[in-house]
Amino acid sequence: MRGDVEKIVGAAAVDERPVRDLWPLLIMEERAGKQRDRVLVARPTQTAQLSAVLRWAAARDIAITPMGGATGMCGALAPAAGELVLDMGGFDRILEIDERNLICRCEAGVNGYVLEQALNAKGLTLGHYPSSLPGTTIGGLVATRSSGQESSYFGNIEDLVYGLGVVLPDGTYAAPRPGPRSALGPALHQLWVGSEGGLGIVVEAVLRVHRLPETTIGKGYAFPNVDAGLECMRSLMQAGIKPFVMRLYDAEDTMFNRYELDPGQCMLVVAVAGLSEVAEAQAAAVKRFAGDAPDLGSAPWERWQRHRFDISADLLKSFLEPAGSFLDVIELAAPWTVLPELHARVKTAIAVGPVALCHFSHAYEQGCCAYFTFGGSSETEEGARAAYQRAWEGTMSAALELGATISHHHGAGQARARWVADEMGGWMQVWRAVKAGLDPERVMNPRALGGAS
């Protein structure tokens with residue numbers, strides 16, 4: 001197997017090692033002594049090499065998983081012995097930044113933070129800032145259907161994708177189609193946004209970029225409880241205001257993030273942006289919608305900016321290093337009318353340790369994301385895994401019963417495998433038909449969407 005792959009990509013571009021993403025359950029299993037399989041990893045640099053590898057794998061019934069920054073949280077990247085990983089880090093070129101048409105072309109292995117810096121140098125931004133941005137790749141952001149901290153202003157990754165270049169499982173290359181919009185059939189490239197490497201390999205992305213805002217104004221407001229803060233968020237969104245950033249922390253998360261409010265109060269951090277006169281008008285509107293909530297000035301916004309990337313891979317690994325520890329995050333989304341009950345029920349479900357937090361972000365006119373964090377420790381590894389699983393099972397049950405989506409932006413992977421079909425319902429038939437039509441040999445990532453095929 002290795003010799004065949006070396007003939008295609010070169011001996012220097014092939015190695016063997018254990019590979020996984022940051023799914024906490026995998027880290028916990030390794031800590032308890034489980035050894036991960038060593039797998040073959042190839043690092044191609046040309047589209048022709050990708051096509052050749054896929055044709056070779058299809059002929060030999062070998063599963064392939066593309067790898068970006070390996071910062072996913074759900075176990076979609078966890079290959080087993082006998083499988084092949086394609087490290088897309090060799091596709092790391094920014095091909096074009098078109099300042100007049102506001103389009104950027106780049107390869108899938110480009111680091112998300114590196115791209116943002118290159119755009120910023122030209123007065124531009126992609127506007128896509130997940131907290132994991134420094135460790136991401138553009139292909140990975142596309143594959144997981146990512147969302148960033150400024151999504152209410154710039155949109156999610158599916159809104160930013162103008163076109164994709166994809167190598168299909170049979171080795172065929174599908175080039176990006178023209179835009180800015182086309183009515184020639186469905187926007188088929190969107191099938192790859194959130195496909196977790198299950199339908200082929202994204203090689204190139206054509207992205208919509210934006211000019212950096214002239215002015216940004218951010219403040220914090222103290223609300224007496226979650227319901228009052230959510231009502232302010234809903235009112236702002238439905239009034240047509242597009243916040244640059246808007247995040248509501250429940251009382252426990254407010255304390256965890258060291259916002260100095262009275263016990264039980266919830267911090268709402270809101271920033272608006274744009275031309276100076278537009279930002280100033282929107283800031284005044286935010287203050288009006290905040291009503292009697294105390295205006296805490298710019299300090300909470302400035303604090304949030306300083307700490308926006310603090311939740312890193314290193315921090316996760318550090319927390320999970322001690323025996324018996326557990327930690328994870330679960331991001332759901334629901335309509336405004338459902339969010340208060342969803343918050344209450346999930347907070348009960350994740351109360352399996354001393355850490356049980358929630359913040360609300362990624363707001364839309366119809367609802368927003370509820371992002372939960374839970375953690376703690378047990379005297380035994382078995383006890384830690386049991387507590388971890390109870391938190392997940394209770395959260396998924398609450399979400400499904402209330403009509404919330406079980407994932408806003410982290411994807412499915414293995415973490416949500418048991419519940420994917422429960423949410424997708426009849427759309428599972430569509431996914432399976434698309435998967436069977438594009439990948440009849442079942443070459444592509446067998447853990448995509450929980451292994452649904």
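Author: A residue is buried under 20% relative accessible area, exposed over 50% and partly exposed in between, with a 1.4 Å probe and protein chains only. This is a predicted model, in which local features need pLDDT of at least 70, side-chain atom pairs count only at pLDDT 80 or more, and totals for chains, interfaces and linings use all residues. Residues are numbered from 1 along each chain as its sequence is written, and side-chain values use heavy atoms, with hydrogens and water left out.

Trp 301 is buried at 6% relative accessibility, and Trp 304 is buried at 5%. Rings of Phe, Tyr and Trp (its six-membered ring) pair if their centres lie within 6.5 Å; planes under 30 degrees apart are stacked, over 60 edge-to-face, and the rest tilted. The count of aromatic pairs by this rule is nine. One of them is the stacked pair of Trp 301 and Trp 304, with 5.4 Å centre to centre and 15° between the planes. Helices (H or I, at least four residues) and strands (E, at least two) are DSSP runs, numbered from the N terminus. Trp 301 and Trp 304 are three residues apart in helix 11 (residues 299-306), so about one helical turn separates them.

The rings of Phe 374 and Tyr 388 have centres 5.8 Å apart and planes at 50°, so this pair is tilted. It links distant parts of the chain, with Phe 374 in strand 17 (residues 367-377) and Tyr 388 in helix 14, 14 residues apart. Phe 374 is buried at 0% relative accessibility, and Tyr 388 is buried at 1%.
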